[in-house]
Amino acid sequence: PEQNTEIQDYIWQGMNLWYFWQADVPNLADNKFTTTEAYENFLKTEEDPEEFFENLIYDRTNSDKWSWIVDDYIELENSFQGISKSNGVEYGLTLLQNNDVYGYVRYILPNSDASNKPIKRGDLFTKVNGTQLTLDNYRTLLFGANDTYTLSLAKIENNTIVPTNVDVTLTQVEYTENPVYIAKVIPIGGKKIGYLMYNGFTSSFDNQLNDAFLLFKNEGITDLVLDVRYNPGGSVRTAVSLAGMITGQFKNQLFTKERWNNKIQVEFEKNYPDFLVDKFTDKLANGNLINSLNLNKVHVITSRSSA
């Protein structure tokens, strides 16, 4: 049967128009193909749409570390609202020299399956369903079709990862994550320190974020620690709102200027210049007033996982 290239066509058309580095990728050039046949033949060069996509990425190692592709748009839209299938264990993975992989628990989601199991932040795991995680199998074992799997926990002893002989069986269900994971006031040395662990710029939880700042405001905090170590990003509008919550004295001043690829940039500058500018605001998208702290300084904790 004739190879199905509908997805590859969708990928190329989208990246040719929107991709930030479009002008730097020869295979995305507007004049790359002189005939329909040449274009169709190019779409057939890779059967796997994900590989086709990766082949069009510009300088993956140094320049474009962020672009990704998904095969389920409903799952993607849900993720923007904090909805996903989860067993409650948020973890990272590390590769050892022998190509073995181990996981470390970053945090446990409240009211999830894991919140009722003997697993906690800081725990390590090395096996899934009794099989050692490796560079070759970790995707299948952790992200396969099975919603239920068993993690074998481990610990570090004499600089070596050793099993604890504790196995934890976990089941994924649809879960809505509130990105405001911790919001509390810590009194230290006569000061009141506001601490916010914020795990996603999720617009559907802007009211909860605003409530956290009402807490800080009512408590009269003197300093703010913003912990975004595990925050992968999200809504730009929410980022603008968060900036207004931390400050408040910069209303209508410039927060960010957006830069798109040359095609889109020219179109916006000509017809929609206001679209390219984000300004500090005192209101959420729903019109509610922002609870502002009017701070002059903020302490931000980040990691390689921070957007």
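Biologist: How far apart are the closest N and O atoms in the salt bridge that Glu157 forms with Lys155?
Modeller: Before the number, some ground rules: this is a predicted model, where local features need pLDDT of at least 70, side-chain atom pairs count only at pLDDT 80 or more, and totals for chains, interfaces and linings use all residues. Residues are numbered from 1 along each chain as its sequence is written, and side-chain values use heavy atoms, with hydrogens and water left out. A salt bridge is a side-chain nitrogen of Lys or Arg within 4 Å of a carboxyl oxygen of Asp or Glu. For Glu157 and Lys155, the separation of the closest N and O atoms is 3.3 Å.

Biologist: Is Glu157 buried, exposed or partly exposed?
Modeller: The cut-offs go by relative accessible area, with a 1.4 Å probe and protein chains only: buried is under 20%, exposed is over 50%, and partly exposed lies in between. Glu157 comes to 39%, so its class is partly exposed.

Biologist: What is the relative accessible area of Asp227?
Modeller: Asp227 has a salt bridge with Arg229, whose closest N and O atoms are 2.6 Å from those of the aspartate. Arg229 is partly exposed, at 22%. Asp227, however, is buried, with a relative accessible area of 1%.

Biologist: Asp206 has no salt bridge; which side chain of opposite charge is nearest to Asp206?
Modeller: For charges, Lys and Arg count as positive and Asp and Glu as negative, while His and the chain ends are not counted. Asp206 is found in helix 6, residues 206-219, where helices (H or I, at least four residues) and strands (E, at least two) are DSSP runs numbered from the N terminus. With contact taken as heavy atoms within 4.5 Å, Asp206 touches Thr238, Met245 and Leu284, leaving aside neighbours within four places in sequence. Asp206 is buried, and at 6.5 Å the nearest side chain of opposite charge is Arg237.

Biologist: How are the rings of the aromatic pair Tyr198 and Phe201 arranged: stacked or edge-to-face?
Modeller: Rings of Phe, Tyr and Trp (its six-membered ring) pair if their centres lie within 6.5 Å; planes under 30 degrees apart count as stacked, over 60 as edge-to-face and the rest as tilted. Tyr198 is buried at 0% relative accessibility, and Phe201 is buried at 14%. The structure holds 20 aromatic pairs. In this one, the centres are 5.3 Å apart and the planes make 90 degrees, which is edge-to-face.

Biologist: Which residue in the turn of the hairpin of strand 2 and strand 3 has a positive phi?
Modeller: Strand 2 (residues 89-95) and strand 3 (residues 101-108) run antiparallel, joined by seven bridges. Leu93 has Gly103 in strand 3 as its bridge partner. Five residues lie between the two strands, and the one with a phi of about 75 degrees is Asn99.

Biologist: What is the phi of Asn129?
Modeller: Asn129 sits in the loop between strand 4 (124-128) and strand 5 (131-132). Asn129 is partly exposed, at 45% relative accessible area. Although not a glycine, Asn129 has a positive phi of about 55 degrees.

Methods: Two strands pair if DSSP finds at least two bridges between them.
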